[in-house]
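Look over the sequence and the model below before reading on. The paragraphs that follow go through its core, its aromatic rings, its charged pairs and its surface.

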Amino acid sequence: MIGRLSASRARQRGVAAVEFAFAAILFFTLLFSILDWSYLFFVNLTMQHAVREGARYAVTGQTNLSPTPGDRCAAAREKIRGESMGLYDQTSSTTVFKTIDSSGNIAVLGSGSCYGAGQLIIIQVDSRLSPITPFIRPFFFGDRKPVPVLGQHDHEKRGVPLKPSQAPPKAPRPNQRARLGSRNFRALARGVALIELALVLPVLLLLALGVIDFARAIQFNNVVNHLTREGANLAARSGEQPQFILKALMDTAEPLEMNTSGMMYITKLTGLVDGRASVDAQYRPLTGGDQSLVSRIWGGCPGWVSGTCSVPNTSPIISLSVPLTLGETVYAVESLYDYTLLTRYVLSSDPLLYSLTIL
């Protein structure tokens, strides 16, 4: 009896170990995924700051940081490296300088020809990150080896008479009923354990996807905010056409797919006596973008011609959160992005990311 109880406890401990193995995999995957995403956000925000500072330095035309005299691109690259807190070299980053040609297309500047005065410049920094969770890599890389499964074979053969030593006793043993009850209990315990596992696994999986969704939404929202800030700076301080500015921003908005799931608008506003504003002009990209995403500043455009809204002769009047002075001219830049959730089968609708900058 003691031996059978010990075997029963051993089987229960085995069931608990299997449950822990399944739960632990998802738990530690969730934990290390949080660490990975946190590091990704840190690198992303730091490199965005470095690129922004490099662009501000580039517009001054200085070359004192360049190892080669007079090389503006090299000077801007060194400025980005200095503002990146060492992450530029740690992530094996590369810097690409682009501009917009006369046809409105984005062109990469060669190593021997950098930007000139009055030229719109696009600075793109690509950083390569490796996951800090090494146990994930074997699931995606390397050789996969089969796992041996050990089993126990029954030596009984049907239709062959049993040996006397294998013959069952003629009369039931006194504790046969007790053993039968113990087997039923163990089977019931295993069934309960499987039910518990079936209930816990979907919850842990949904929790893991929810954390990843939340992290991606924060990252995408930061990119959307960055697009509106840079768009407002370019619209208010440069002489480039608004359609070219929007195209440059949407084509360099990785990891967002702005040309398929997003849209940007630039609206020119003029202040009135009562603090409201009149809509003088509105622009969107020449090509690309989800045209079903309508501007929230003013969405009553009757028609579009080459990326320019046909504003009525009587300018529409709108109210802003901040009143404008009479004759004050500002540019309102909007970014909209239709974010697709990983947990879209659980939630009824996908969120629409939105950002507005008025400058």
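The model is a predicted one. Is Glu-240 buried or exposed, or something in between? Buried means under 20% relative accessible area and exposed means over 50%; Glu-240 has a relative accessible area of 25%, so it is partly exposed. Glu-240 also has a neighbour from another part of the sequence: Leu-120 is 120 residues away along the chain, yet the two C-alpha atoms are 7.4 Å apart in space.

How many of the residues of H6 are buried? Eight of its 10 residues are, and the helix is mostly covered. Among the buried residues of H6 are Pro-242, Gln-243, Phe-244 and Ile-245. Leu-246, Ala-248, Leu-249 and Met-250 are buried as well.

The next topic is the nonpolar interior. In soluble globular proteins, nonpolar side chains tend to be buried together. Here the largest nonpolar core has 23 residues. Which residues have the most contacts inside this core? They are Leu-227, Leu-256, Met-258, Met-264, Ile-266, Tyr-337 and Tyr-339. The elements that give two or more residues to the core are H5, helix H6 (242-251), S4, strand S5 (277-283) and S9. Of these, H5 gives the most, with seven residues.

Aromatic rings come next. A pair of aromatic rings is described by the distance of the centres and the angle of the planes. The structure holds three aromatic pairs. One of them joins Phe-220 and Tyr-339: the ring centres are 5.5 Å apart and the planes stand at 90°, an edge-to-face arrangement. This pair links distant parts of the chain, with Phe-220 in helix H5 (residues 176-237) and Tyr-339 in the loop between strand S9 (329-338) and strand S10 (352-358), 119 residues apart. Both Phe-220 and Tyr-339 are buried.

Another pair is made by Tyr-265 and Trp-304, and this one is tilted, with 6.0 Å from centre to centre and 40° between the planes. This pair too links distant parts of the chain: Tyr-265 belongs to strand S4 (residues 262-271) and Trp-304 to strand S6 (residues 304-305), 39 residues apart. Tyr-265 has 3% relative accessibility and therefore counts as buried. Trp-304 counts as partly exposed because its relative accessibility is 26%. Phe-220 and Tyr-339 also belong to one aromatic cluster with Tyr-337. A ring can face a charge as well: the charged end of Arg-296 sits over the ring of Tyr-354, 4.4 Å from its centre.

Now to the charged pairs. The structure holds six salt bridges. In one of these, Arg-81 pairs with Glu-78, and their closest N and O atoms are 2.7 Å apart. Why are these two residues about one helical turn apart? Arg-81 and Glu-78 are three residues apart in helix H2 (residues 72-83), so the separation is about one turn. An α-helix has 3.6 residues a turn, so residues three or four places apart point the same way. Arg-81 is partly exposed because its relative accessible area is 25%, and Glu-78 counts as partly exposed at 29% relative accessibility. A network of salt bridges links Glu-78 and Arg-81 with Asp-89.

Helix H2 also contains Glu-83 and Lys-79, four residues apart, again about one turn of the helix. These two form a salt bridge, with 3.4 Å between the closest N and O atoms. Glu-83 is partly exposed, with a relative accessible area of 25%; for Lys-79, also partly exposed, the value is 22%. A further salt bridge joins the side chains of Asp-274 and Arg-276 at 2.8 Å, N to O. Arg-276 has 35% relative accessibility, so it counts as partly exposed.

Last comes the surface. Phe-27, Phe-28 and Leu-31 form a nonpolar patch there, with about 280 Å² of accessible area together. Leu-31 lies in helix H1 (residues 2-58). With 37% relative accessibility, Leu-31 counts as partly exposed.

Technical notes: Residues numbered from 1 in each chain as written. Predicted model: local features only at pLDDT ≥ 70, side-chain atom pairs only at ≥ 80, totals over all residues. Heavy atoms only, no water. Patch = residues over 30% accessible without salt bridge, like charges linked within 9 Å, V, L, I, M, F, W, Y side chains within 5 Å. Areas by Shrake-Rupley, 256 points an atom, 1.4 Å probe, with all protein chains shown as cover. Salt bridge = Lys/Arg side-chain N within 4 Å of Asp/Glu carboxyl O. Buried < 20%, exposed > 50% of the residue type's maximum accessible area, 1.4 Å probe, protein only. Phe/Tyr/Trp six-rings, centres within 6.5 Å; stacked < 30°, edge-to-face > 60°. Lys NZ or Arg CZ within 6 Å of the ring centre and 35° of its normal. Core = buried A, V, L, I, M, F, W, Y, C linked by side-chain atoms within 4.5 Å.
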